[in-house]
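Here are my notes on the structure, written as numbered points. Please keep the sequence and the 3D view open while reading.

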Amino acid sequence: MRYFVLSLTLVSVVLTTGCPKSLVKTRPPYNFNHTDALTPRINEYLANAQNAFDCSARGFRYQVNYAAGGKITCLDGLGGPASANPAGADEAKRIRNEMLEDAVGAIDGLYGQFTDDLNNGHSTTNFVADVVDLGTSAAIGITNGERALQVMGIALTAFRGSRKSFELNYFKEQSTPILIAKMDDNRSKQYAIILRNEDKPISNYGIKAAVKDAVDYFNAGTLVRAFSELSKSTAQQADASEKKVLKLRGVDDSQLFTTPEAVVDAINLIGVFKSHYSDKVLNSTDAAIKAKARGELLAVYTEITTGAKKDDFKPVLDEVRKNAALKAVMDKLDAGIPEQPSPAAPIAVTNAEIRDVIFKIYLTARSQKKDDLTVTLKDIFVDKATS
Amino acid sequence: MQPILHRATLTLGELQSECLAVENGSQGVFAKLVHLQAADLEVPVNSQNKFNEGRYVEIGDNDPIQELKFIPVEDPNDIPTQISDQLQDKFLLIFDELLYVQDNQQRVLGFGRTS
């Protein structure tokens with residue numbers, strides 16, 4: 001049995017407690033958190049994910065026992081009473097992709113902290129040393145009862161020799177921005193691979209390969225990888241020769257970007273307004289700024305719902321109203337609310353709620369490919385929002 | 001989000017604008033560009049087989065939109081300087097790839113900044 005060694009060991013899993021002890025067919029627990037008990041928990045999480053994946057892929061349902069660390073019992077007649085799941089392949093794909101996204105999210109969080117430390121000039125040598133130490137100490141066997149599942153062993157072989165002084169010295173000779181940029185580039189490439197693979201059926205992309213991709217994603221954001229890439233002689237020239245054009249198959253016209261140029265411009269102008277109406281502005285301590293933004297948003301909403309194009313917007317508004325929370329806000333707005341509530345009075349509709357409704361109207365129009373309404377909405381913003 | 005294919009005939013500015021439009025919700029969700037690369041289709045779509053494949057991830061409705069800046073690479077020796085210069089403005093490298101720009105292959109650095 002190969003051992004499961006993860007550079008993901010900086011990620012840990014805290015299993016949810018307080019839930020019913022046994023639930024049928026829920027997802028494996030995945031509540032990532034930062035604790036000291038790193039490796040066992042990440043391995044436990046991934047082992048559970050793999051059990052659930054395997055069970056679903058074979059067309060059975062499974063149970064999750066939260067009280068026992070999220071242990072999976074496959075209802076295949078061996079681990080528990082047989083319970084077929086006709087949609088097992090879809091469930092397995094969901095588990096696989098969810099595991100990937102959980103891992104990516106956790107890794108992103110750690111990477112953000114790491115680059116912040118780098119930018120702030122904190123010590124980095126510990127990070128490199130940590131990677132190596134974890135790589136050598138994190139090996140843990142997955143022993144699981146019902147089926148002899150093995151989580152793919154992923155060695156950090158490439159990293160074990162990395163605490164060599166020349167590499168640390170090499171780092172010191174590099175500017176931090178260049179190293180971070182290289183790591184960013186490495187990570188984006190690997191993430192693109194993950195996104196592509198997530199589209200694949202489980203027959204072509206199993207959970208072992210997915211775990212490997214997650215590990216590669218973590219490794220892509222390490223200094224060690226940045227060292228190795230940057231230390232290539234004539235790195236730029238080497239890079240140039242490696243640049244390739246993708247070869248794609250199975251593409252359909254739904255993937256083509258067909259939005260006309262004028263609508264693209266309208267969309268990007270609306271994006272400027274979206275950025276402007278940030279929480280910082282809407283909740284500004286400057287009452288005048290806040291009131292101005294509120295007045296503009298109310299004017300935009302009023303023009304959408306009662307202006308010259310109100311009939312065109314109606315199908316979009318009806319769709320937005322299917323969301324109960326947004327409907328409640330819209331009902332209040334439609335009933336008429338004070339332009340600016342007094343400081344003492346409870347706020348019937350917050351500035352952020354008005355903004356959220358407006359931009360949901362916009363997104364709904366876009367999802368319905370309503371190019372004309374998009375341009376109209378841009379015109380309304382330009383007309384009513386003078387900030 | 002499924003990948004978005006942008007036309008190979010666009011100028012670099014037009015391509016950047018389209019990518020920003022996707023980020024700004026052209027597909028019905030707000031998104032973030034994570035990768036862009038020239039792509040040849042084995043089977044043409046709309047009689048075209050050259051595109052730029054953009055990879056995006058959906059973001060929350062109130063998350064800030066990433067600003068984009070695409071810079072053509074004329075001399076690879078300038079890349080470290082370009083990256084370093086952009087980092088001074090808090091633009092992080094998103095991709096370093098070949099793209100189709102006005103139907104020609106062009107190496108491009110793509111940067112993003114999220115305030």
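1. Strands β2(B) and β3(B) are joined by 10 bridges and pair in the antiparallel sense. Across this pair, B:Leu33 stands opposite B:Tyr56 of β3(B). The hairpin that the two strands form has two residues between the strands, and B:Asn46 there takes a positive phi near 55°. This is a predicted model, so please read every value below as computed from that prediction.

2. Strand β3 of chain B, residues 48–58, also pairs with β1(B); the two run antiparallel and are joined by four bridges. Two of the partners can be found by eye. B:Arg7 has B:Phe51 of β3(B) as its bridge partner, and B:Leu5 has B:Glu53 of β3(B).

3. What is the sense of the pairing between β6(A) and strand β2 of chain B? The pairing is parallel and extends over three bridges, with β2(B) covering residues 31–45. Within this pairing, the bridge partner of A:Leu248 is B:Leu41 in β2(B). This point deserves a look in the viewer, as the two strands belong to separate chains, A and B.

4. Put together, these pairings give an open sheet of four strands in the order β6(A)-β2(B)-β3(B)-β1(B), and the pairing is mixed. The edge strands are β6 of chain A and β1 of chain B (4–7), each of which pairs on one side only. From one strand to the next, the twist averages 45°. Helix α1(B) packs on this sheet and touches β1, β2 and β3 of chain B; the direction of α1(B) makes about 115° with that of β2(B).

5. A further open sheet has three strands in the order β4-β6-β5, within chain B, and its pairing is antiparallel. Its edge strands are β4 (67–72) and β5 (92–101) of chain B, each pairing on one side only. Neighbouring strands in it are turned by 30° against each other on average, direction ignored. Strands β5(B) and β6(B) run antiparallel and are joined by nine bridges, with β6(B) covering residues 104–113. One of the pairs is B:Leu98 with its bridge partner B:Arg107 in β6(B).

6. Which helices lie across β4, β5 and β6 of chain B? Helix α1 of chain B, residues 12–23, does so, running at about 155° to β4(B).

7. Along the sequence they follow the pattern β-α-β-β-β-α-β-β. Chain B has 115 residues, of which 50% count as buried. Among contacts in chain B with a separation of 6 or more, 66% are between residues 24 or more positions apart.

8. How many residues does each chain bring to the contact between A and B? Chain A gives 41 residues and chain B gives 47. On the side of chain A, α6 (176–198), α9 (235–242), β6 (246–248), α10 and α15 each supply at least two residues. The largest share of that side, nine residues, comes from α6(A). By type, the residues of the side of chain A are 19 nonpolar, 10 polar and 12 charged.

9. Helix α15 of chain A (351–367) also packs against helix α12 of chain A (287–306), at an angle of about 35° and with the axes 10 Å apart. The crossing of α12(A) and α15(A) is left-handed. Residues in this contact include A:Leu297, A:Leu298 and A:Ile304 of α12(A) and A:Ile354, A:Ile358 and A:Ile361 of α15(A). The residues of the contact divide into 10 nonpolar, one polar and three charged.

10. Helix α16 of chain A (371–384) has 14 residues and reaches 20 Å from its first C-alpha to its last, close to the 20 Å expected at 1.5 Å a residue. Its buried residues include A:Leu373, A:Leu377, A:Lys378 and A:Phe381. The buried residues of α16(A) pack against α10 (261–276), α12, α13 (310–320) and α15 of chain A.

Notes. Residues numbered from 1 in each chain as written. Chains lettered and ligands numbered in written order. Predicted model: local features only at pLDDT ≥ 70, side-chain atom pairs only at ≥ 80, totals over all residues. Buried ≥ 20, exposed ≤ 12 C-beta atoms within 10 Å, placed from the backbone. Contact = placed C-beta atoms within 7 Å. Axes fitted to C-alpha atoms, helices over the stretch in contact; angles between N-to-C directions. Left-handed = near helix turned anticlockwise from the far one by under 90°. Nonpolar A, V, L, I, M, F, W, Y, C, P; charged D, E, K, R; others polar. Expected span 1.5 Å × (residues − 1). Pairing = 2+ DSSP bridges.
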